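Hi,

Here is the structure I promised to pass on. Have a look at it first, then read my notes below.

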Amino acid sequence: MRRITRIATVGIASAALALSATACGGKKSSDSSASSSESAAGSKSAAIAYDIGGRGDQSFNDAAFAGLEKAEKDLKVKGAEAEPTEGESEADKVQRLTELARKGNNPVIGVGFAYAPAIKKVAEKFPKTTFGLIDDTSVTGPNIANLVFNEEQGSYLAGVAAAKASKTGTVGFIGGVEVPLIKKFEAGFTQGVKDTNPNAKVLSAYLTQPPDFSGFAKPDLGKATAKGQLDGGADVIYSAAGLAGSGAIEATANAGKWAIGVDSDQYNQAGLSKYKDKILTSVTKDVPDAVYNLIKSVEDGKPQTGEIRYGLDKDGVGLADSNPAYKQMADVTAAVEKAKADIIAKKITVKTAP
């Protein structure tokens with residue numbers, strides 16, 4: 001697998017002036033370069049460009065990597081990865097996606113909504129390349145696949161579990177950045193808590209506000225915020241904060257309280273093994289299958305395009321049960337299963353905004 005590390009990405013970014021000159025002042029040469037690379041893109045290769053936090057976040061980015069890794073094994077494709085840089089601009093994302101497409105990777109997948117503007121620009125220049133955009137439907141095109149999830153549904157189940165497991169009646173939610181996507185997590189979680197225990201209290205906090213997206217990459221801030229919620233009486237804390245969520249899990253576990261993970265089954269993440277016994281469950285998004293399915297569709301000659309939605313009804317989102325302690329909580333698991341059935345049967349409509 002070819003991986004552009006953070007250091008290498010900085011090096012590429014330093015070459016941005018030359019590349020941007022091609023993009024801005026030399027469109028003809030850029031377009032012709034795109035065409036020639038696309039026509040030569042018969043080699044089986046696929047690429048993912050990571051979101052803030054990069055691979056190793058034990059969460060969202062690692063879930064995307066798992067899909068690429070499966071495609072490498074099952075489909076025998078070559079995988080390429082590109083890491084983000086701290087405080088990067090939209091131009092940096094455009095340059096990154098352009099480089100991946102120019103090298104013949106197909107598809108090229110942007111991990112996270114922050115890639116939407118860049119994919120809109122780059123997809124037009126590489127019409128024969130399929131672009132995957134995870135967690136966003138604002139940008140569409142004939143060669144763009146929007147891979148989206150009903151995060152609020154999985155979060156509702158987490159709210160049910162938190163309300164049933166809580167002894168204090170106070171639980172916490174930590175969002176990485178206060179954007180509409182993360183507010184879906186908060187909305188579903190809060191609704192699940194309140195539907196289960198109307199008297200419960202939900203402490204909600206966001207680590208940063210846009211345009212500052214660093215909240216997804218600050219474990220220390222996640223840890224400090226979790227400590228504040230623990231001091232406020234919370235004994236179950238759910239974080240939708242990417243890499244920062246690992247800090248919240250650490251603080252919660254060290255306090256002997258329950259943490260709820262996100263995106264990946266964080267109970268099984270090696271980097272969090274020290275805290276696994278206190279990771280009650282995780283809200284999972286089937287990002288691995290979404291990535292794999294898109295790569296396979298391209299390999300099959302029938303590339304996915306448009307909105308491809310993964311919900312509770314197709315196990316596109318869910319609640320992990322890897323922790324034996326969770327499985328032993330009969331009242332919790334029964335309540336979660338009932339809520340899941342009611343959502344699928346449309347007896348419960350989960351809110352997408354608080």
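To start with a question: are arginine 96 and glutamate 88 buried or exposed? Arginine 96 is buried, and glutamate 88 is too, where buried stands for under 20% relative accessible area, exposed for over 50%, and partly exposed for anything in between (1.4 Å probe, protein chains only).

Before the rest, some housekeeping. This is a predicted model, so local features need pLDDT of at least 70 and side-chain atom pairs count only at pLDDT 80 or more, while totals for chains, interfaces and linings use all residues. Residues are numbered from 1 along each chain as its sequence is written, and side-chain values use heavy atoms, with hydrogens and water left out.

Now the charged pairs. Side chains of opposite charge can pair when their charged atoms come close. I call it a salt bridge when a side-chain nitrogen of Lys or Arg is within 4 Å of a carboxyl oxygen of Asp or Glu. The whole structure has 19 salt bridges. Glutamate 88 takes part in one with arginine 96, at 2.5 Å from N to O. Glutamate 88 also bridges to lysine 93, with the closest N and O atoms 3.0 Å apart, and both of these residues are buried.

Arginine 102 pairs with glutamate 99, and here the closest N and O atoms are 3.9 Å apart. Both sit in helix 5, 3 residues apart, or about one turn of the helix. (Helices are DSSP runs of H or I with at least four residues, strands are E runs of at least two, and numbering goes from the N terminus.) Arginine 102 is partly exposed, at 22% relative accessible area. Elsewhere, salt bridges with shared partners tie Asp135, Glu151, Glu152, Lys184 and Lys285 into one network.

Aspartate 135 has something else for you: its phi is near 75 degrees, a positive value in a residue other than glycine. You'll find aspartate 135 in the loop between strand 5 (131-134) and strand 6 (144-149), buried at 9% relative accessible area. Glutamine 58, not a glycine either, has a positive phi of about 65 degrees. Glutamine 58 lies in the loop between strand 2 (45-49) and helix 4 (60-75) and is buried, at 15%.

Last, the backbone. Asparagine 106 and proline 107 are joined by a cis peptide bond, omega about 10 degrees, with proline 107 in the loop between helix 5 (90-102) and strand 4 (108-110). Proline 210 and proline 211 are also linked by a cis peptide bond, omega about 10 degrees; proline 211 is in the loop between strand 8 (201-208) and helix 9 (219-231).

Cheers
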